[in-house]
Amino acid sequence: MKKANKIITIAIFIFLYIPMLVLIVGSFNEGKSLARFDGFTFEQYAELFRDPDLLALLGNSLIISILASLIATVFGTFSCVGINSLKPRMRNTVMSLTNIPMTNPDIVTGISLSLLFVFVGTKMLGQRNSLTFWTLLIAHITFDLPYVILNVMPKLQQMDRSLVDAAMDLGCTPIESFFKVTIHEIMPGIVAGAIMAFTMSLDDFVISYFVTGMDFVTLPVEIYSYTKKPIPPKIYAMFTLLFLLILVLMITMNLLQLKSEKKKARG
Amino acid sequence: MSKELIRLRDLTMEFDGERILDGINLYINDHEFLTLLGPSGCGKTTTLRIIGGFLTPTSGTVTFDGKRINDVPPYERQINTVFQRYALFPHLDVYDNIAFGLRVNKVPKDEIDRRVHEMLEVVSLKGYEHRRINNLSGGQQQRVAIARALVNRPKVLLLDEPLGALDLRLRKDMQNELKRIQQAMGITFIYVTHDQEEALSMSDTIVVMDKGRIQQIGKPEDIYNEPKNAFVADFIGESNILDGVMLSDYKVKFFGRVFDCVDKGFAPNEPVDVVIRPEDIDIVPPQQGHLVGTVTSVTFKGLNYDIIVEFKGFKWLIQTTDYHGEGSTIGIRLNPEDIHIMKKSEYSGMFGDYSSYSAEYDELTEDAGDEEE
Amino acid sequence: MKKNNSILLSTPYILWMVAFTLIPLGVVGYYALTDPDTGVFTWSNIRELGTYLPVFGQSIMYSLVSALICLILGYPVAYYIAHRGAVMQKILYMLVMLPMCMSFLLRTLAWVGLLQDTGIINNLLAAVGLPRLQLIRTPAAVVLGMVYNYLPYMILPLYSTIVKIDHRLIEAAEDLGCTPAETFRKVTLPLSMPGILSGLTMVFVPAVSTFYISQKLGGADTVLIGDVIERLYKQGNNANLGAALSLLLMILVFVCTGIMNRLGGDEEAVVV
């Protein structure tokens, strides 16, 4: 039984990682096909850094995901404080509202936002092109917000409420007590929410695909348009670099977490 | 002796239509050690939180030094609090916790340093400045919480069950420590607890509360010796409470027999509650007793035996240092000063019967278990 | 007084969410009920939904099958991870998370490279002298793509429920005479029910609405509802019919998650 579990687990991990391995191997391939290895080369990486268009797309993706996750994190954190002091029934209603973008299929969220922007932009404001950088940003903030809320809210609820009382007892106004006490207590939730929001934004394809206009395209949307033309292997090089980046990010996060847990355990 | 500092007038508090406080009237003097005592849910913590400014009463007024402070937020009150589970800031070390209030109030750096070190000395935590809060024991955290509140030199210190999370030994030490600190600093302490022993040994004044109302206010001795009703008699120490009739001043009849007592001022033939403390009862040979009964159970308690004695179907708790075996027949004598008479109240008939002694005992230990969490 | 102030902090959020989740759904409803050319009210989009019911049925079939396969594959993995030491749990958890953070388009394209007629698998088969197989453009390829992409969404909630099961309960069951198999069936499995249900939902919802997987790995006969909506909306220029289909899809998903939550609600009471 235990042995079977172990074998299945190893097999599943191989299954999960083989496609990524294929892409990584492809990034060192001289040929264009993923299916045939024609020889080892770093040429694809050089190509990647010589391609201003591709780098610009990556830049667009980074701008959108950094801005959206940053705004969603700040906005969401303050909103949590507000939601937390609502009456239970109202709080439940707001949390169901928060869950809509989480449960709704991405395609529905994408189409609904796109229709809203077209409806308001074209029909009400008479714009010719109503899908812009700003609408894309709004869309990303909207689907990032629940990740922040769902990460920060539990921390806020777990927090010993008397800490805020204590801060006020010692002379802090409510705003001071938020910045001097509450924020330190909910920081792990804020960081987790921000990282989740960022990765979701960076990797989002479906919603961006429907909401994006002609003038501002993100990397995943561009990759989708390769359906018709063959994929240039420099994309695989980019994938490999992003893979390493996220791997390093995750390892650091886990190490930090492990360290703080050890610190706590000593107490 | 000293002047009045805080007054609560007709205080009521309601949460979602439920009445938590029902007409609290109370004044608190400067330099006083006052304890709000009562079972959980009696409204003692709510009263404390209103004084601290964390709750606004539904009606009634709170005055401090003669000024109405109902709407003054906690950060503008000259009152500090030691919270139930200390509420120390986990992201700060001992020094920064204690300095927190001073920093918020922009006290100069060198003065902060001086006062924090002074406080560390008062609570015997010298050398612990840079310890993390999570690396302190419960007793040490308790001391930091006290120091953090006192360093601001409040006029009043509120303490919300501050010793509830400590083990018995540490509790006793901290009780003495708190009393010492209160006398050394010369400020008012308002102390909330459900532990009657703690209240009796530390307080100048005890306020016994139940169901959102004050049941009795008085000095510890008075509360113990002259409980106003069956609730107070039962909550403070053990009591046998019997139905009686006050025939006239100094004469009370119960169990079909007239006893001399020291109480007066009741209407002729007024039904009353009679309180007899288990430790006041003298055991004598059966033929010399006012009453004769049979021992039905004996429990060794270390200092004494708790024995349950049945008198005509009614069971009493008697504390004695002499052993009387189960089934033996004994007599008891009651001196006039051992008998305390109370007016009938809503609590009459609810307490003071030891017929189900063991069950009641279980309940008590269960309660104690809940407090630990 | 101080409480009211912090309540005000929730107002911008509520306004934002109403403006960008509730109202857009209203707009979808508006488009679903109007004519694409004239913009007047019509039932014709709704009436036309009937023609797409087979596609809906096919989408539900594919995603249900994928969700069940994910459960069968994911449970042993989650169980295995939950019974490692603390550090190993963290590492394995991270390894399950990592693929979720990587471009799902490229990872699906990698499967194309693996499965296509002149792809890696077929090349390997040819190299050892076996005949080439039709792997891509089959229903199995679509299910494979779904299982591959959404398996982590199954493993993570399963892991979080299994790891919380009090080990003393297992010991108690064994103490009361259960064999390991009985213990699993009578204790572990019922207690992991909330994780199973939330895992099934988390796989089913994105699977039923996907269009990329079926476009890349499927053939002409594996068209899913996501494909239809995408084509109508982005290429066919019939946004109104697309809106009507989205509306139906949304209702389907909400009904499914509603049922799952109802089932899960009962089970959660057991856990508490």
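Select Thr63(B) and Arg68(B): Thr63(B) stands opposite Arg68(B), a residue of strand 5 of chain B. This is a predicted model, in which local features need pLDDT of at least 70 and side-chain atom pairs count only at pLDDT 80 or more, while totals for chains, interfaces and linings use all residues. Residues are numbered from 1 along each chain as its sequence is written, and chains are lettered from A and ligands numbered from 1 in the order in which they are written.

Strands here are DSSP runs (E, at least two residues), as are helices (H or I, at least four), numbered from the N terminus; two strands pair if DSSP finds at least two bridges between them.

Now show the whole sheet. Four strands of chain B form an open, antiparallel sheet in the order 2-1-4-5. Its edges are strand 2 (18-29) and strand 5 (67-68), each of which pairs on one side only.

Next, colour chain B by domain: domain 1 covers 4-224 and domain 2 covers 237-372, with bounds from an automatic or database domain assignment. Their C-alpha centres lie 36 Å apart.

Finally, turn to the interface. Here 17 residues of chain A are in contact with 21 residues of chain B (C-beta atoms, placed from the backbone, within 7 Å). On chain A, select helix 7 (162-169), helix 8 (174-203) and helix 11 (234-266), the elements that give two or more residues to this side. Helix 7 of chain A gives the most, with six residues.

Terms used:
Two residues are in contact if their C-beta atoms, placed from the backbone, lie within 7 Å.
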